[in-house]
Amino acid sequence: MSTIGSDLLRGNTDTILLRFLCEGDSYGYAINRRITELTGGKYQLNEATLYTSFKRLQKAGYIRSYWGDEDHGARRRYYAITEEGRAAYKRNLEEFTDALEMLEKLMK
């Protein structure tokens, strides 16, 4: 099974994370596990990329974070999308869709 080159998806990391947070609050490991599952193991974010993206999104006001109340194991930092984040996700998705259509025309 081949893997997807990280360069191909790198510019969309923030949008991918916002997409998952639109579904509900979550923490980094759970989101990354979901990404791996949905791509059949062909793509996963490395930890540095994941948490750098979270910091960037938080600084932009697109997400907020809080500590969970786990009874067992380590405490987890959860992330929640803001209304500004939902708007950014919608804009980014529209731009991605336009770019994908253009690339299909150029590559076929």
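Guide: Asparagine 32 lies in helix 3. Keep in mind that this model is predicted.

Visitor: Is asparagine 32 buried or exposed?

Guide: Check the relative accessible area against the cut-off. Buried means under 20%. Asparagine 32 has 13%, so this residue is buried.

Visitor: Which residues does asparagine 32 touch?

Guide: Leave out residues up to four places away in sequence. Asparagine 32 then touches Gln44, Leu45 and Leu50.

Visitor: Where is threonine 13 found, and what does threonine 13 touch?

Guide: Threonine 13 is found in helix 2. Its relative accessible area is 4%, so threonine 13 is buried. Beyond residues up to four places away, threonine 13 touches Tyr43, Leu45, Thr49 and Ser53.

Visitor: Now the nonpolar core. How many residues has the largest one?

Guide: The largest nonpolar core has 16 residues. Those with the most contacts inside it are Leu17, Leu18, Leu21, Ile31, Phe54 and Ile63.

Visitor: Which elements give two or more residues to this core?

Guide: They are helix 2 (13-23), helix 3 (28-38), helix 4 (47-59), strand 3 (77-81) and helix 5 (83-107). Helix 2 gives the most, with four residues.

Visitor: What does leucine 17 touch?

Guide: With residues up to four places away left out, leucine 17 touches Ile31, Leu45, Leu50, Ser53, Phe54 and Leu57.

Visitor: Which residues of helix 4 are buried?

Guide: Leu50, Ser53, Phe54 and Leu57 are buried. Down the axis of helix 4, the buried residues fall within an arc of 105°, so they line one face.

Visitor: Why do residues three or four places apart point the same way?

Guide: An α-helix has 3.6 residues a turn, so such residues point the same way.

Visitor: What lies on each side of helix 4?

Guide: The buried residues of helix 4 pack against helix 2, helix 3, strand 2 and strand 3. The face turned away from the buried side carries the exposed residues Ala48, Lys55 and Lys59.

Visitor: On to the rings. How many aromatic pairs are there?

Guide: The count comes to four aromatic pairs. One of them joins phenylalanine 54 and tyrosine 79. To read a pair, take the centre distance and the angle between planes. Here they are 3.8 Å and 10°, and the pair is stacked.

Visitor: Why does the pair of phenylalanine 54 and tyrosine 79 tie together parts that are apart in sequence?

Guide: Phenylalanine 54 lies in helix 4 and tyrosine 79 in strand 3, so the pair links parts 25 residues apart in sequence. Both phenylalanine 54 and tyrosine 79 are buried.

Visitor: What of tyrosine 66 and tyrosine 78?

Guide: Their ring centres are 5.7 Å apart and their planes lie at 15°, so this pair is stacked. Tyrosine 66 is in strand 2 (residues 63-67) and tyrosine 78 in strand 3, so the pair ties together parts twelve residues apart in sequence. Tyrosine 66 is partly exposed, at 28% relative accessible area. Tyrosine 78, at 18%, counts as buried.

Visitor: Which residues form one aromatic cluster?

Guide: Tyr27, Tyr66 and Tyr78 do.

Visitor: Where does the charged end of arginine 19 sit?

Guide: It sits over the ring of phenylalanine 20, 4.4 Å from the ring centre.

Terms used:
Residues are numbered from 1 along each chain as its sequence is written. This is a predicted model: local features need pLDDT of at least 70, side-chain atom pairs count only at pLDDT 80 or more; totals for chains, interfaces and linings use all residues. Side-chain values use heavy atoms; hydrogens and water are left out. A nonpolar core is a set of buried Ala, Val, Leu, Ile, Met, Phe, Trp, Tyr and Cys residues joined through side-chain atoms within 4.5 Å. Buried means under 20% relative accessible area, exposed over 50%, partly exposed in between (1.4 Å probe, protein chains only). Contact means heavy atoms within 4.5 Å. Rings of Phe, Tyr and Trp (its six-membered ring) pair if their centres lie within 6.5 Å; planes under 30 degrees apart count as stacked, over 60 as edge-to-face and the rest as tilted. A charge sits over a ring if NZ of Lys or CZ of Arg is within 6 Å of the ring centre and within 35 degrees of the ring normal. The arc is that of the directions from the helix axis to the C-beta atoms.
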